[in-house]
Amino acid sequence: MNVPSDLKYTKSHEWVRVESGVATIGITDYAQSELGDVVFVETPPVSKTVAAGESLGTIESVKTVSDLYAPVGGTVTEINSALASKSELLNEDPYGLGWIVKIKLDGSGDGHLMDAAEYSKSIEQ
């Protein structure tokens, strides 16, 4: 599994990259492989305020529907509109073009994020 070392991870298989107070969020390579072919992504509206651990929307695959959780708290500033017509980006490039949402951090905490080594260990178990 591909687990980039410059990202933080959640137990529910989201990744987060923080730059200048804005967190970019997506699902991990492990998550997309477990889900199978993604067919639909439901995202929150821009300007929605979320708390760490709160549901951001859902990811629907050929196998199941899974919740997407906010790894950090803040306000949604952008959604990846490309996913509306190309949900397969989550499968093809989960750490790049398949990002899902950007959140401006509110400083309320990070919901216990793991580094790459901790996350790798958690998915091996």
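Is Ser-20 buried or exposed? Ser-20 counts as exposed, at 81% relative accessibility, where exposed means over 50% relative accessible area, buried under 20%, and partly exposed in between (1.4 Å probe, protein chains only).

This is a predicted model, in which local features need pLDDT of at least 70, side-chain atom pairs count only at pLDDT 80 or more, and totals for chains, interfaces and linings use all residues. Residues are numbered from 1 along each chain as its sequence is written, and side-chain values use heavy atoms, with hydrogens and water left out.

**Strand pairing**

Strands are DSSP runs (E, at least two residues), numbered from the N terminus; two strands pair if DSSP finds at least two bridges between them. Strand E9 (residues 101–105) runs antiparallel to strand E3 (residues 22–27), to which 4 bridges join it. Within this pairing, Val-22 has Lys-104 of E9 as its bridge partner. Strand E8 (residues 74–79) also runs antiparallel to E9, through 5 bridges. Here Val-76 is partnered with Ile-103 of E9.

**Positive phi in loops**

Ser-20 is placed in the loop between strand E2 (14–19) and E3. Its phi is near 55°, a positive value in a residue other than glycine. Ser-47 occupies the loop between strand E4 (38–42) and strand E5 (49–50). For Ser-47, phi is near 85°, again positive in a residue other than glycine. Ser-47 is exposed, with a relative accessible area of 55%.

| Residue | Phi | Relative accessibility |
|---|---|---|
| Ser-20 | near 55° | 81% |
| Ser-47 | near 85° | 55% |
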